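Hello,

My notes follow below it.

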Amino acid sequence: MASEFDLIARHFTRPAPNAVLGVGDDAALLAPTPGAELVVSSDMLVAGRHFFVEDDPQALGHKALAVNLSDLAAMGAVPRWATLALALPEPDEAWLAAFSRGFFALAERFNVSLVGGDTTRGPLNLCVTILGEAPAGRALRRGGARVGDEIWVSGELGAAALALQHLSGRVSLDPVDAGLCRGRLHRPEPRIGLGSMLCCVAHAAIDLSDGLLADLGHVLAASGVGAEVEFGRLPAHPVLVPRLDEPLFRTCVLAGGDDYELCFTAPPERERAIHAIAQSAGVPVCRIGRVTVAPGLRLLDSDGREMPVTERGFDHFA
């Protein structure tokens, strides 16, 4: 049986051109860019909680890094380095080879160097720490939303949550729709390009990992403001659009989680700049509401009437 160090050497030791010293020593040596601040985030994916044990390991490698990259996108940061900690029930060489292919394919796209980590035997658990950089004083934060800001969302919402509903047997999708939704669940696309350019125009941002209502709620709480969101403006994935009057489909869009899109606020006079940035990044954006003085989040129908909100976002301890 391969040792821990054999597994690391075979599957995770790669050149780290962004680092002074990468994998292979007691710790990595990094040289941040002068004039930049470090932006650091960690995310853990636990089998049975965040993914199924039988999920494709190559897709898991992609997602383990993608969810961390999404956090950097929300801060307007550019990724540089990552560490990876794995707990594995058994040292499965085929599983590790597929996982590392998915991980490094995404890492290479965003010029991320793996510079360290750990492996051990235990219940399947994946933990990535990502390090990036943002210009000093320019990182986007949750607490910057201002009254009068418009609220924007990138991409489309709800498909990943609908995939989970399908895989759990709560709803049945035809094979084509199921495939589209599974792609959004298993291979989220981090909005790094969009986020890094929004530093110039946005006041606040967050990535949508736990559902729009929950994550936008974090921005409102941190900023001490409220919001009005127009339900009819929400960019639901096309698979969901015909059935948004059904509770399950509405929940996927409002509170399903796993979208990994960006939600951000910006002053109305920056609308043209936002559309130009979105076009440059190749990511659609949609204005969904505005920031208000009154606390709390009001969901409005097409006639401007308040809709009841019973949905809640994902809670890791619920």
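Trp95, Phe99, Phe103 and Phe104 are linked into a cluster by ring pairs. Rings of Phe, Tyr and Trp (its six-membered ring) pair if their centres lie within 6.5 Å; planes under 30 degrees apart count as stacked, over 60 as edge-to-face and the rest as tilted.

This is a predicted model, with residues numbered from 1 along each chain as its sequence is written. Local features need pLDDT of at least 70, side-chain atom pairs need pLDDT 80 or more, totals for chains, interfaces and linings use all residues, and side-chain values use heavy atoms, without hydrogens or water.

The whole structure holds four aromatic pairs. Phe99 and Phe103 have ring centres 6.4 Å apart and planes at 25°, so they count as stacked. They sit four residues apart in helix H3 (residues 93–109), about one helical turn. Helices (H or I, at least four residues) and strands (E, at least two) are DSSP runs, numbered from the N terminus. Phe99 is buried, at 0% relative accessible area. Phe103 is buried too, at 1%. Buried means under 20%, exposed over 50%, partly exposed in between (1.4 Å probe, protein chains only).

Trp152 and Phe264 are also stacked: 6.2 Å between centres, 5° between planes. This pair links distant parts of the chain. Trp152 is in strand S5 (residues 150–154) and Phe264 in strand S8 (residues 262–266), 112 residues apart. Both Trp152 and Phe264 are buried.

Best regards
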